[in-house]
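Subject: Structure handover

Hi,

Here is the structure for your set. My notes follow below it.

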Amino acid sequence: MENRTIRVLCPKLLINRNESLLQWLIGSPFLPPLTVVSTIRCIHGDSSSPDYHKESEDIRTLLLKGFDVIGALVMGDSDFENKARKALDAARRLRKLLSGTEKSENEEMIGAVANSYTGDIHFFISKTEKTTHLEPVSSVVHNDNPEKYVWENGCLLRCQLPIKLPFCFPLNKPSDAENVFLRAIEVVIANFKDPKVAYIVESSSKTFADVAQPVLVCGAELSFGIDLPNVDLLAQDSEQKLLRCAHFCSKSISSPASFSAENADVLRVSVLFNRSEKSLKFNLPVAEYFPATEEARLLIVDFKLEVICYAAKDLPLIYAVSKLIIPGLVDQLNLMKEVMLPHLLTQHPKLHPYHFNPSGMMLHPVTVIYELNYGETEMKQVDIRKSLHLRLGLPFDRPLLRITNALDFSTTDSSKRNSIQTGSSLVKNVHATIPSSGVSGGITSLVQGSYEYYHYFQDGFDDSGWGCAYRSLQTIISWFRLQHYTSIDVPSHREIQQTLVDIGDKDHSFIGSREWIGAIELSFVLDKLLGISCKVINVMSGTELPEKCRELALHFGNQGTPIMIGGGVLAYTLLGVDYNEASGACAFLILDPHYTGTDDLKKIVNGGWCGWKKAVDSKGKNFFLHDKFYNILLPQRPNMV
């Protein structure tokens, strides 16, 4: 009997084992069978009776073409095979709705049952829909580098298509508007597959020298009758040499750390309609006039379609267009159509697709369509984001799906595609290249997300000897900006002083002075400017700081914000700790605001201005002073999405 293996790539397969739930398992025809890339929670109905129609509508929007539902996971403490069969039935039913066909499918699918007490997951395979016997699988592999597994041989296709759709309906029969609108949509959809249509495929990147010239894929060349899993076999048997997506992908070998959706090759696909066709004769354009038989009203509906798809680099372009781009455009247009219908004769919803890939939480992007007539802070939009966080298993204390978090495809530099656009030239994430601390058996806990490094003499402002706490505060506020909790500018020293005067903490003479501030003043400013609350830890001596390592590690694990440590006349920014709970050995990852040089990353790191510091180094020197008390400021994440 063949031993089967299920490969799990997502970092957390079971979203929450403390509740009864149904999760859809996501895979891809471009990856080996039985490979779980991600999991999406069922939020409409319960595990025993999902609302399949609502689930299919939501997932059709979220899930990129190139990914499929390949199974389901349910909770259960016994009778695992029977529960797995119900999960499989649910997954097959949903997949039929997503594919738009009622025919039986022969693909293998996964049924999984998680024990709510132990968290153990029991896997079963169903080879076809008609199979009554389920095959248990005990071999489950968790990949060490899942990003590389998904993106080393994968790429993204992107197609933007603005559509202005005009249509007329009788003025005395406004009820006809809906039918005319629906017929107009059908014409647009038919045009996507018209032999006269043409798709231009080109690379989005301008950063490597061997950028290939654009390629024209004609509608007559497209193939719609074959399923994606069979495309490669057909392409190999074809006598015609088919151009593949790899033709437009970078030939350089990426480092394992750079494999991600943000760094993926992106192929841009444009849609053109050829109305003149090939002709040897010169023809003047002709306008035809069709007079209305009765008084009519003209309506124009605006659509802004933007589809991204996941594809293997070796997928032929004709199949990339016919099996990914066109179905993606059709689905997105139909979804927008359903939202538009109730508002045809009133104010049209302003719909716009956005693509998100929360770093470290998902292996592939998802697509969300937002209604821009609502502000992001309005409850309707907040509720939509909460629902998406619930479905995707994202935390509820950070804004991961706001518009400012969306992938930015306007830049040709993939390294800048994570949408953080602050216009700042300051050095970010200095600690990223720092080697390990050397604590034997230690567990490292680090700041989560991005920040900017603020230090003495920046912007030509001399604050040497008194401005270190101001600089630490600026670094902390930059973190909240880059995580999209706030849009305020990082305040200057004078603006920080003005804030403390405004709240009554300081006299007016404080403005423009060179007076120090400490952790308490920082907490006042964060509360006033950002509405951020802070926790403050006091220690009587620098010798006591290692005793707080466990608490600091918990902060970085739960809150993830930079910490300010102030003692005597010195202040530092703490970015992480490396802590061995058994031995008590620890090290502190310090970002030092006392640096006075240029923003040269190599110079900063080599000079030790960002690095691991032990309370007592190998030469017996104390980093934290014994005769000074210290305040440790721990900014708390606001609970918001």
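At what angle do helix α8 (residues 468-482) and helix α10 (residues 519-530) pack, and how far apart are their axes? The angle is about 35°, and the axes are 11 Å apart. Axes are lines fitted to C-alpha atoms, for helices over the stretch in contact, and angles run from 0 to 180 degrees between N-to-C directions. A469, L473, I476, I477 and F480 of α8 meet L522, V525, L526 and L530 of α10 (contact: heavy atoms within 4.5 Å). By class, this contact has nine nonpolar, no polar and no charged residues.

Some background: this is a predicted model, where local features need pLDDT of at least 70, side-chain atom pairs count only at pLDDT 80 or more, and totals for chains, interfaces and linings use all residues. Residues are numbered from 1 along each chain as its sequence is written, and side-chain values use heavy atoms, with hydrogens and water left out. Helices (H or I, at least four residues) and strands (E, at least two) are DSSP runs, numbered from the N terminus.

Next, helix α2 (residues 80-99). Its 20 residues should span 28 Å at 1.5 Å a residue, and the end C-alpha atoms are 28 Å apart, which agrees. Its buried residues include A84, L88, R92 and R95 (buried: under 20% relative accessible area, 1.4 Å probe, protein chains only). G100 follows α2 with a positive phi, near 75°.

Last, cysteines. There are zero disulfides (sulfur pairs within 2.5 Å). The sulfur of C549 is 3.2 Å from its closest cysteine sulfur, in C586, too far for a bond. C549 is buried, at 0% relative accessibility.

Best wishes

Note on methods:
Buried means under 20% relative accessible area, exposed over 50%, partly exposed in between (1.4 Å probe, protein chains only). The expected span of a helix is 1.5 Å times one less than its number of residues. Ala, Val, Leu, Ile, Met, Phe, Trp, Tyr, Cys and Pro count as nonpolar, Asp, Glu, Lys and Arg as charged, and the others, Gly among them, as polar.
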